Amino acid sequence: IEISFGSTTRHFKWAVEYMFWSPDCQESVVMGINGQFPGPTIRAQAGDTIFVQLTNKLHTEGVVIHWHGIRQRGTPWADGTASISQCAINPGETFDYRFKVDKAGTYIYHGHFGMQRSAGLYGSLIVEVGEGEKEPFHYDGEFNLLLSDWWHQSVHDQEVGLSSKPFRWIGEPQTLLINGRGQFNCSLAAHFSNTSTNACTLRGDEQCAPQVLPVLPNRTYRLRIASITTLASLNLAVGNHKMVMVEADGNYVQPFEVEDMDIYSGESYSVLLTTNQDQSKNYWISIGVRGRKTQTPQALTLLNYSPTSQSKLPILPPPITPTWNDYDHSKSFSNKIFALMGSPKPPKNSDRQIILLNTQNYIDGYIKWAINNISLLLPSTPYLGSIKYSLKSAFDNKNPPENFANDYDVMKPPINPNSSNGNGVYMLGLNITVDVILQNANALAVNVSEIHPWHLHGHNFWVLGYGEGKFSANKDEKKFNLRNPPLRNTVVIFPFGWTALRFVADNPGVWAFHCHIEPHLHMGMGVVFAQGVEHVNDIPDQALACGLTGKRFMKNTKQN
Ligand SMILES: O=C1O[C@H]([C@@H](O)CO)C(O)=C1O
C-alpha cells in the first residue's frame, strides 16, 4: 500500500532490454523500455510521487536511470547515477525508484551508466501543475518533441574507440531523431534539395515515420522540446511560424518571441505556437546541427493544419538551420533568456567560488577531457555510501583544485597537455551559496574550442552571465545579472568563453556536475559535489549493495 498525503503515487513497472528497432528506417540494436523506444512518457502532477520498479533485462550489463531535472530532495539515492548515488542494477535485479516531482515542467529521464544513454535509453517526464494551480500562460493543446541523434555504429564500438590508442572519435551522427524517429536513407523534403537524396515513401506506420503534429487553425499550442542528444547541439524552427519561449528546464522564463531556437543536450524548453497561418497548407518543423561542422541532414516533421491532408507537403523548403559556427546567433538567443518576473532571486553574495577550467588532454597517450587538469574516473563504490559511512579508501580524498594557474592561456592548446585521473569530490558546506565559473579553453588542436552543455544534478542554478576569453573576477563579477537570472539545470559554455552560475547547496546528497555530451563525460569531463551527506538517512540497502549477499554485508557495516 502506498501512503501519500494529498497526492498521487504513479506506479510503473519497467523492463530495460536491448531490442531490434529502426529509428531511422535502418535496423539497429537499441535499448528500449517495455518494448518501446524512446521509453514510455511519464506524465504526473506537481506533488505526485513517481514509483518506477526498474528491472534490468540486459543479461550482461548493469543499468540505472537518471531523472534529469528532478531535484530528488530527500531521496538522493534515487538520482540514478551509477557510482555516485547507487550501485548499477545487476542483470535480473529490480530497483525501486521512488521520488517526488515537486515542480511542474518538461523533463527527461535517461541512462547514466557507461554510454547507455547513447544506446537509446531515454524518454520524457512531464510534470503538470498541481491540482488547482495554473501555468502563467494559456494554451489549447500541447505536443512533446524529444530530440536526439543516432549513430549506426554500436555504442560498444563507440566506447571502445574513445578508450583506445590511437583514439577513434565517434564522428557525427547519421541521423537526427524527433521522438525517436528519423529518416536516414530518404528525405521528406528531397524535391527541394539539389542532392541525390531519395524522397521518402513512408506509409506512416513505420518505426521511422515522422510523428506529424495535427493542429486546428487559430489555436495556441505548447510545444515541449527537450534534447537528449549524445553530441549534437540543435536548432529548431517551424516554417512560417514564430514561437514564444515560456519555460526552460522546468522554470518559467520572461516570454520572448523567436523565429528559431538553439537547444543543447540536457536542456528543455516550452514554446507557444499560434496556428495563424493558411489552413490549406502544412508547415515544416525542422531541426539541424549547430556548433560542429557536420554532414548530418536536418530532421523533419510536419505541422498539419486541419482539414489539410497529412500527405500534403509544404510548398516552401524547410527552414534553413543557421550556419554551424554562427555563435553570435546562439549567444543572442541565450542572452534573451531571463527568469519570469516574480521568480526566486539568487542570494546577493556567494560563500565560495569554484573555477573549473575545461581542457582536452592526454593521459598516457589516451585522449581525455579534464577539469582543472583532472579527468573524472568514477570509483566502484557509490560516493553516497562511501561518504555516509566514511569509507575513506573508496576514493581519492584530496579536495580537487578550486582554480587553475593564473598564467594559463585559454586561447592556446595546453602547454603541458598531460593530465591525470582523479575521483575527488568538492565537499560543500550545507546551505552555502556556491559560484561556479565554467571556463572554456582551446582543445588539443590549435584554434579549436567546442561547445559544452554542463548539467547539475539535484539543483537548479542561476545563470549569472556569459563572457568571452578568460574570466576576470575584478571585471566580470560586476556584470553578473543578479536581478532576473534564469534558473536552469543545464547551461552551455561557448567556445573560448566562460559561463558563471550560482546555486545554494541545500540538498543533502552527492551530485554529479558534468558535460552532457556523452562521449565527453565518458572521457572524464565532470566533477562531483557532496553536501550534508551526514543528514541523509534511510538510504535503501538496495542502493548501496547489489544482490542478497550485498544486502547481507550492508547490514553488518551500517552501524559504523
Ligand atoms: O572529444 C572530442 O574529440 C574529438 C577531437 O577533438 C579529437 O579527435 C572531438 O571532436 C571531440 O569533441
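Tutor: In this predicted model, residues 24 or more positions apart make up 78% of the contacts with a separation of 6 or more.

Val238 belongs to strand S13, which runs over residues 233-238. Val238 counts as buried because 23 C-beta neighbours lie inside 10 Å, where 20 or more are required. When its neighbours within four places in sequence are left aside, Val238 is in contact with Met243, Leu273, Tyr283, Ile285 and Leu303. A further reference point is Ala119, which is 119 residues from Val238 along the chain; the C-alpha atoms of the two are 28 Å apart.

Met243, one of the contacts of Val238, is also touched by Val271. Apart from residues up to four places away in sequence, Val271 touches Leu223, Ile225, Met243, Val244, Met245, Val246 and Met261. The largest nonpolar core has 149 residues, and of these Val271 and Val528 touch the most other members. In soluble globular proteins, nonpolar side chains tend to be buried together.

Strand S19 covers residues 299-305, and Pro307 is placed in the loop between strand S19 and helix H2 (327-334). The peptide bond joining Ser306 and Pro307 is cis, with omega about 5°. Pro166 is found in the loop that lies between helix H1 (155-162) and strand S10 (175-178).

Asn218 has a phi near 55°, a positive value in a residue other than glycine, and it sits in the loop between strand S11 (213-215) and strand S12 (220-227). Asn218 is exposed, since 11 other C-beta atoms lie within 10 Å, and the limit for that class is 12 or fewer. For Asn447, phi is near 60°, again positive in a residue other than glycine. The loop that holds Asn447 lies between strand S25 (433-439) and strand S26 (452-456). Asn447 counts as exposed, with 11 C-beta neighbours inside 10 Å. Most residues other than glycine have a negative phi, and most peptide bonds are trans.

Around the ligand are Phe167, Trp169, Ala443, Glu450, Pro519, His520 and Met523. By class, this shell consists of five nonpolar residues, one polar residue and one charged residue.

As for annotation, the unreviewed UniProt entry assigns "domain: Plastocyanin-like" to residues 16-128, 143-307 and 416-532. Residues 16-128 are 0% helix and 43% strand, and their end C-alpha atoms lie 26 Å apart. Residues 416-532 are 8% helix and 45% strand, with 36 Å between their end C-alpha atoms.

The protein contains seven helices and 32 strands. Its radius of gyration is 23 Å, close to the 24 Å given by the globule rule for 560 residues, so the protein is as compact as a globular protein of that length. Along the principal axes, the C-alpha trace spans about 70 × 60 × 50 Å. Of the 560 residues, 50% count as buried, and Val238 is one of the buried residues.

Definitions and conventions
Residues numbered from 1 in each chain as written. Predicted model: local features only at pLDDT ≥ 70, side-chain atom pairs only at ≥ 80, totals over all residues. Near = placed C-beta within 6 Å. Nonpolar A, V, L, I, M, F, W, Y, C, P; charged D, E, K, R; others polar. Helix = DSSP H or I, 4+ residues; strand = E, 2+ residues; numbered from the N terminus. Contact = placed C-beta atoms within 7 Å. Rg over C-alpha atoms; globule rule 2.2 N^0.38 Å. Core = buried A, V, L, I, M, F, W, Y, C linked by C-beta atoms within 7 Å. UniProt positions renumbered as here; feature names shortened; annotations may be inferred.
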